[in-house]
Amino acid sequence: MKRWLILEDGTHFEGVGFGAEGNVFGEIVFTTSMTGYQETITDQSFNGQIITFTYPMVGNYGVNRDDYESIAPTCKAVVVKEFARKPNNWRSQMTLDEFLKKKDIPGIAGIDTRALTRKIRQAGTMKASIVSEEDFTHAFDQLKAVVLPTNQVEQVSTAKPYPSPGVGHNVVVIDFGLKHSILRELSNRNCNLTVLPYNTPAETILELAPDGVMLTNGPGDPKSVPEAIEMIRGIQGKVPIFGICLGHQLFALANGADTFKMKFGHRGLNHPVREIATGRIDFTSQNHGFAVAEDSIDPNELFITHVEVNDGTVEGLRHKKYPAFTVQFHPDAAPGPHDALHLFDEFIEMMDAGKEQN
């Protein structure tokens, strides 16, 4: 079944369809991950995006019950050089093709993903579509008319609060599009978790008497979530805060800094990050298209704790007055290296210190 991948600059690629049927439109991005495709596809930070895998073979170990990062993934489509039709792994429950069909996500294979990645790196992320052969003629005009959504967090955050019981610290998790692995790491540390929608006001959070608040990852532009910025201003100084990815960007905005859209973002498992205080290098998992502008950070409020080795972008912040820190990367390591898992322990230590002071 022939399909076409069309970019908004007019570039097009012919390929073979797999996964679900149907035409889709979205922002095309690439990830350099060599493994972890199931976690990547189910990561809600890819909401509304067409994911290009730079690794040439995807799907070789199938899809299993353990590696979901969300129940209902919301990426638009998957682009690969080649997908494995017969996976080989003892945990495999279905093929990538079967999985994408079940989740209603189209795929296209046979694409020169190296050429496509070079195009995205040179031109930046852009709108794209995947269409059937019979719809190819009108697809470019339709693509030009597409307006991508702004507040993507609203599409992926939980609509209602829910608990994940534990016997340790009482942690409120603000869901901007969370990965299950964040809950898993907190649960591994015996935390009693209450997951709340993205637009929960500060007063409601504080009524739960949390020992700490986790600001999770999520998709899109942080400036499209102004209610979360106000919420962070209302809780900081009253309760310890740990923010990841979008949570990091929202924390920066709440403290007077600015964010900007990156040319093609950071997506993959091999991004080196330097901790400024120690010089330690961690290899990290990242998935973001926006970053905090270094020259916008007020040195009286925040200081930078981590930077990206390759391009120098801000990767970590800590508040000078309040118990609060954030990172741009994903320390939960799903998929990815485990170098930064210690940050969850630092969050526990911060909550311990808060209890001692009280």
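Figure 1. The protein has 10 helices and 19 strands, taken as DSSP runs numbered from the N terminus (helices: H or I, at least four residues; strands: E, at least two). This is a predicted model, in which local features need pLDDT of at least 70 and side-chain atom pairs count only at pLDDT 80 or more, while totals for chains, interfaces and linings use all residues. Residues are numbered from 1 along each chain as its sequence is written, and side-chain values use heavy atoms, leaving out hydrogens and water. Along the principal axes, the C-alpha atoms fill a box of roughly 65 × 45 × 40 Å. Of the 358 residues, 59% count as buried, where buried means under 20% relative accessible area, exposed over 50% and partly exposed in between (1.4 Å probe, protein chains only).

**Figure 2. Close-up of the cis peptide bond at P335.** The bond from A334 to P335 is cis, and its omega is near -5°. You will find P335 in the loop between strand 19 (324-327) and helix 10 (342-357). For background, most peptide bonds are trans, and most residues other than glycine have a negative phi.

Figure 3. Although N190 is not a glycine, its phi is positive, at about 65°. Look for N190 in the loop between helix 6 (180-188) and strand 12 (192-196). N190 is partly exposed, with a relative accessible area of 46%.

**Figure 4. Close-up of C245, buried in a loop.** C245 sits between strand 14 (241-244) and helix 9 (246-254). Its phi is positive, near 60°. With a relative accessible area of 2%, C245 is buried.
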